[in-house]
Structure formats: C-alpha cells, structure tokens
Amino acid sequence: MISTTWLFLNPIQPKEKYIAEIKEGDYVVIKGYIQEMYVKRDKYRHVINISRIVINDGTGNLDIVAFGKTREELLNYILSYYPMIKEGDYVEVKGKISVYNGKYEIILNDIEDFKLIEKRNFERDIYLSSTPTNIYASKYGKKYHTSKNCPYGKRLKEENIIYFYSEDDAKVLGYEKCKWCEEHGE
C-alpha cells in the first residue's frame, strides 16, 4: 500500500495526450488551439465573464471550464494580454478529464493549470466608445453613419445608438457605411 507521505513527496504527474486518446478520469496535459470562447460582454464590448473555452489539437475538441475564484483568475489572465487571448492562440491545459453532456471537459481548479504557449491571433480588440462620436449606428442595424445631418441617422432612437472610435472599427464589426453619408462626404 502506498503511504500518504509518499504520495505527497511524489505527486501523480499528468500525462501529455492528444484529445482523441483521452478518457474520463485521465489526468492529462493537453496542448491545442483555442477554437471558441464563450464570453459575456458589456455594452461597450469589454469581456466581463467567460463560461467556456473550446480547444482543438487536431484530433478533437475539449471544453475548459472554471468556477468561482478560478473563473475570475482565468478571465484576468486572458485579459492581461494585449490583444487578449482569443481564438487561434495556442494554449496548454492540465487537469482531470470528466464528461458533461456527452463532451469531454477539464474543470480548472487552479489558474496555474492554464497557460498561453504561443500568441497567434494578433487581431486588435475592438470596443465601442462610451461617449458620442461622429461614427454611430443602431445596435440593431448594419449601417453606420458619419453625419449628424443624415436623414437615416436622425431616425435612430437615442437608446439604440452605439458609437465607434473609427470607421475601421465599424467595418470590422460588420457594419457598412450609409449610402447617404457616403454620397454627402461627411
């Protein structure tokens, strides 16, 4: 029988595996690319919570989840990089494999078990302006305006208006410039 002292001095080490090789109960180290991040954003697009990260190593997907203090630490870790850690970045995660809703997952118990290995996605983070600018749109539409005189922009309800820092930001978020604003050069 193995003593508690021996286990303390010789802790079980995780095994590096591919996702296709894992099974429930394995204690593993997985390296892979972030495929998807499930985040909550505030009205200015700042990430304020994270519920799940899906990583892929080329052999399958693995969900990464965290709760309580570890979730807060994970969010802070992700936001500590500029641009923040996001889809396409290469990460390493360590933990015990469990199954939830038919999917393999690791529940992070310690922020030390998640780390960025290589930053690969350098797309800048885009936020909305908290103060009015000359570049605005309806949060429900797909056209942005650059003129206060635009008859279409004037129709927008104030509570539905969002403001951009630049036209490039609006375009990256999927908005097109209003034809009236384009033609009138404002």
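Here is a tour of the model, from the cores and the sheet to single residues.

This is a predicted model, in which local features need pLDDT of at least 70 and side-chain atom pairs count only at pLDDT 80 or more, while totals for chains, interfaces and linings use all residues. Residues are numbered from 1 along each chain as its sequence is written, and side-chain values use heavy atoms, with hydrogens and water left out.

**Cores**

A nonpolar core is a set of buried Ala, Val, Leu, Ile, Met, Phe, Trp, Tyr and Cys residues joined through side-chain atoms within 4.5 Å; buried means under 20% relative accessible area, exposed over 50%, and partly exposed in between (1.4 Å probe, protein chains only). The largest core has 27 residues, of which Ile53, Ile55, Leu62, Leu74 and Val93 touch the most other members. At least two residues of this core come from each of strands E2 (27-41), E3 (47-56), E4 (61-66), E5 (90-100), E6 (103-108) and E7 (114-118), and from helix H2 (68-79).

Leu74 is in contact (heavy atoms within 4.5 Å) with Ile50, Ile53, Ala66, Leu108, Ile111 and Phe114, leaving aside neighbours within four places in sequence.

**Sheet**

An open sheet of 5 strands runs in the order E8-E11-E9-E10-E12, with mixed pairing. Its edge strands, E8 and E12 (176-177), each pair on one side only. Two strands pair if DSSP finds at least two bridges between them; E10 (residues 143-145) and E12 do so in the parallel sense over 2 bridges, and Tyr144 has Lys177 in E12 as its bridge partner.

The largest pocket has a volume of about 280 Å³. On a 1 Å grid over the protein atoms alone, a pocket is an open set of points where a 1.4 Å probe fits, with protein on both sides within 12 Å along at least five of seven lines; lining residues have an atom within 4 Å of a point. Points are joined across faces, edges and corners, and the volume is the space filled by probe spheres set on them. Among the 15 lining residues, Arg41, Arg45, Lys86, Glu123 and Arg124 are the closest to the centre, and E2 gives the largest share of the lining, 3 residues.

Asn121, in the loop between E7 and strand E8 (128-129), is buried because its relative accessible area is 12%. A polar atom of its side chain lies 2.6 Å from the backbone oxygen of Glu87, and one lies 3.0 Å from the backbone nitrogen of Glu123. Beyond residues up to four places away in sequence, Asn121 touches Pro83, Lys86, Glu87 and Asp89.

**Backbone geometry**

Most residues other than glycine have a negative phi, and most peptide bonds are trans. Here are some exceptions.

| Site | Angle | Loop |
|---|---|---|
| Asn101 | phi about 55 degrees | between E5 and E6 |
| Tyr82 to Pro83 | omega near -10 degrees (cis) | Pro83: between H2 and E5 |

Arg45 is partly exposed, at 22% relative accessible area, whereas Asn101 counts as exposed, at 66%.

Methods
Helix = DSSP H or I, 4+ residues; strand = E, 2+ residues; numbered from the N terminus. Polar contact = N/O pair within 3.5 Å; in protein donor to acceptor, adjacent residues only side chain to side chain.
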